[in-house]
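User: I would like to learn how to read the contact between two chains in a model. Please take me through it step by step.

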Amino acid sequence: MASRPVSPRMLTCPRCGTPNRGDAWFCNLCQEPFRKPSPEGAGPASPGSRAFPSDPRPVATAAPHATPASAVAAPRSAPPAVAPAARAMPGSAGSARTARGDRPGPMLPFDEAAAANARNTAALFAALFAALLALGYVIGLASGDPPAGVAVAAVVFAILASAAWFSGASLVLSAQDAREADPGRHRVLLNVVEEMAIAAGLPMPRVYVIETDGMNAFATGRTPGEASVVVTTGLADRLNREELQGVVAHEMAHIRSRDTLYNVCAAVLVGAVALLCDLFLRGSPFRGRGASPGPGFRPLGRGAGSFAFLLLGLPLALIAPLAAKLLRMSISRQREYHADAAAAGLTRNPLGLAAALEKIVQGGAAVPGGNRGTEHLFIVNPLRAFSDESSALTATHPPTERRIERLKAMAGIAVRS
Amino acid sequence: MSWIPGVAFFVVFAWFIVSYNGLVRLRNRFRNAWHQIDVQLKRRHDLIPNLVEVVKDYMSYEQETLKRVIDARGAAQAARGAAAQAEAENVLTGTLRSLFAVVENYPELKADRNVSALQEELAATENKISFARQFYNDAVMAYNNMIQSIPSNVIASVFAFPPADYFRAEEESRAVPGADLR
């Protein structure tokens, strides 16, 4: 085993000696660019290290060879074969610039990606909850009783959270017109779901289908024990087994990391902030005139109250709901990246999901009954364009191209961005 | 300041309970994962007689292939011990593969819905076996991480939590597959 030779498809970095995949564009460790178009590029390689094999595949995507024979016949000692007309910029400066332009993200191990995303989400979530309590405190301050404000914020949150908890997933399922998968017709889908449940170490979820040509999927349920996976028939029919595994693994990852619960909590937090601000904006002006005060607000003095109200409360109450919504969308995007990374961990095959996402982009993700209330649930947002960078702040999903790019980076494949 | 030893003792005791329970949970998880592999292997054994029943009428000239599958199944069921079992299962996988390669030569067999349904079931079961093995290895890794890292390694060594073994693919399956695969 120890004497196993480095596979010819491996590429040893000339700078730090790290073995890389044969089709890598950059060293995974030191970011040294490979595939320099000039023969000098291979020159400084140390004697023990392997020169760059001229693997035609990635280069062919950048600029096709004039003749296929030249790609096949190109010996390893003749890197000029990979410098076709499109990259004929002479000199090292030109080649360096080309390399930087093609730069992909560094290779991203799925477990590290998952851990990083989990940390980000936890931080965002804590920030949102702290902001809610702080908002309650400030509103309470403006009304003359900070603890009461915090208490009101907590009560509002508790009421909304319990309502969301008990209304359950059945509401979503019936709203999307999903029905239980037929064991005869959707045999492959059911088998794939069971495979991924085994891979995730979770109980087999219930499987529903939505009868439509649009290609989409989502998962729901508070706990893994009562989870459901919902897939459109368009997706189940048009994806091959490998791609379907990727999509189902993505949903299974949502279930395992309780993103369905996260979604409910995020929605509730945003709702609580909006409600609190509403309560404050409507309640406060009337308080001084002797109208019924909001519950828990006991004004100390008119002057102090309205001064603090103008200075602190008003701008905050106007900005807070918007900020909360942006944060929620940010959480949603983080969860999508996280689920993609975890899906790659379950199937050990990030390219299956990447291929599925590409097919969804081509085939369309529209789902009847998809609306603003449920858009964040789906694997690809059914309402938005796929690469809507201009409205990135309020998007529930990252641009699909970015997700495909990250998945390919996990497989060590460079993507031109 | 007489409360300090009490609090310190309480903290250490709470840490001990949490860590010990965590170790037990991880150990049970990988043991359960091992039995999940057996569940899937048994399912494959149960499917094979159905498959043989369906294809044997068509394949009068291929009795040799069928016999090899049946023999391999019998050997896999009779095998005892993890290593012997793994080897027998690998033989069975190989014979099933050659059986399905033969099925490709019989158009009427390929068109048979029962055969394609059984083929799908067996393919899914193969996947389930490998995902169950993958999950077992993940569970073993989580357990081994816990018993080897500070500070839970103290509890692991005192209360005898030995490192668990990974499931290993056999050597020849690591070799690059040859041209016999379609």
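The dialogue below treats the interface, then one residue, then one chain.

Analyst: This is a predicted model, in which local features need pLDDT of at least 70 and side-chain atom pairs count only at pLDDT 80 or more, while totals for chains, interfaces and linings use all residues. Residues are numbered from 1 along each chain as its sequence is written, chains are lettered from A and ligands numbered from 1 in the order written, and side-chain values use heavy atoms, with hydrogens and water left out.

User: How many residues of chain A are in contact with chain B?

Analyst: Contact means heavy atoms within 4.5 Å. Here 17 residues of chain A meet 13 residues of chain B.

User: What is the area buried between chain A and chain B?

Analyst: Buried area is the accessible area (1.4 Å probe) that two parts lose on being put together, summed over both. For chain A and chain B the value is about 1,200 Å², with 50% from carbon and sulfur atoms. On the chain A side, A:E195, A:I198 and A:R348 lose the most area to chain B, together 37% of what that side buries.

User: How many salt bridges are there between chain A and chain B?

Analyst: A salt bridge is a side-chain nitrogen of Lys or Arg within 4 Å of a carboxyl oxygen of Asp or Glu. The count between chain A and chain B is four. One of the salt bridges pairs B:K128 with A:E194, with the closest N and O atoms 3.0 Å apart.

User: Which elements give two or more residues to the side of chain A that touches chain B?

Analyst: Helices (H or I, at least four residues) and strands (E, at least two) are DSSP runs, numbered from the N terminus. The elements in question are α7 (187-200), α9 (241-256) and α11 (302-347) of chain A. α7(A) gives the most, with nine residues.

User: Is B:K128 buried or exposed?

Analyst: Buried means under 20% relative accessible area, exposed over 50%, partly exposed in between (1.4 Å probe, protein chains only). B:K128 counts as buried because its relative accessibility is 1%. B:K128 lies in helix α5 (residues 113-148) of chain B. Not counting residues up to four places away in sequence, B:K128 touches A:N191, A:E194, A:E195, A:I198, B:Q40 and B:R43.

User: How many helices and strands does chain B have?

Analyst: Chain B has six helices and zero strands. Of its 182 residues, 35% count as buried. Among contacts in chain B between residues at least 6 apart in sequence, 75% join residues at least 24 apart.
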